[in-house]
Amino acid sequence: MVERYCSLKLPDRQYDYKLQTWLKWCKGNSLRIVPFSKIEVREPLSDMRCYAVDTRFPCILYAKPDGRYIVIDGYHRIKKQMNNNETTGIFFIITPEILHANT
């Protein structure tokens, strides 16, 4: 099995961890409904992968102090949902407090 890494790039530091590490920090009480308009989304690398992904699994976002979000995991799932004209999604939210408590 290939280990998958996810990155979070902030102005002062970059965090690179295995996906399993990020998922350990995701709890049921960290699930939130977030409008896609508040998420800083970059274009995914593969349109074909957007078509094939399973959107039932929540993506992981980092909550910025300004009320916007950065994607840690899930660009393809978000893009698929946006292509299907959805306006919100359910996400695991990593807050600065969670991030700093675990790093």
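Trainee: Hi! Is Arg-77 buried or exposed?

Mentor: Arg-77 is buried, at a relative accessible area of 12%. Buried means under 20% relative accessible area, exposed means over 50%, and partly exposed is in between (1.4 Å probe, protein chains only). This is a predicted model, where local features need pLDDT of at least 70, side-chain atom pairs count only at pLDDT 80 or more, and totals for chains, interfaces and linings use all residues. Residues are numbered from 1 along each chain as its sequence is written, and side-chain values use heavy atoms, with hydrogens and water left out.

Trainee: Thanks! Where does Arg-77 lie?

Mentor: In helix α3, residues 75-83. Helices (H or I, at least four residues) and strands (E, at least two) are DSSP runs, numbered from the N terminus.

Trainee: And what does the side chain of Arg-77 reach?

Mentor: The backbone oxygen of Pro-58, at 3.2 Å. Leaving aside neighbours within four places in sequence, Arg-77 is in contact (heavy atoms within 4.5 Å) with Val-53, Asp-54, Thr-55, Phe-57, Pro-58 and Cys-59.

Trainee: Let's take Val-53, then. Where is its place?

Mentor: Val-53 is in the loop between α2 (47-52) and β5. Val-53 is buried too, with a relative accessible area of 16%. Beyond its neighbours within four places in sequence, Val-53 is in contact with His-76, Arg-77 and Lys-80.

Trainee: How many residues apart along the chain are Val-53 and Lys-80?

Mentor: They are 27 residues apart along the chain, while their C-alpha atoms are separated by 7.8 Å.

Trainee: New topic: which residues of the largest nonpolar core touch the most other members?

Mentor: Of its 16 residues, those are Leu-8, Trp-22, Ile-60, Tyr-62, Ile-72, Ile-94 and Leu-99. A nonpolar core is a set of buried Ala, Val, Leu, Ile, Met, Phe, Trp, Tyr and Cys residues joined through side-chain atoms within 4.5 Å. Another core, of 12 residues, lies apart from it and includes Phe-36, Ala-63, Tyr-75 and Ile-93.

Trainee: How many aromatic pairs are there?

Mentor: The count comes to five. Rings of Phe, Tyr and Trp (its six-membered ring) pair if their centres lie within 6.5 Å; planes under 30 degrees apart count as stacked, over 60 as edge-to-face and the rest as tilted. One of the pairs is Tyr-17 with Trp-22, edge-to-face at 5.3 Å centre to centre and 75 degrees between the planes.

Trainee: Which residues do ring pairs link into a cluster?

Mentor: Tyr-15, Tyr-17, Trp-22 and Trp-25. Within that group, Trp-22 and Trp-25 are edge-to-face, with 80 degrees between the planes, and both are buried.

Key:
A polar contact is a pair of N or O atoms within 3.5 Å; within protein, one must be able to donate a hydrogen and the other to accept it, and residues adjacent in sequence count only if both atoms are side-chain atoms.
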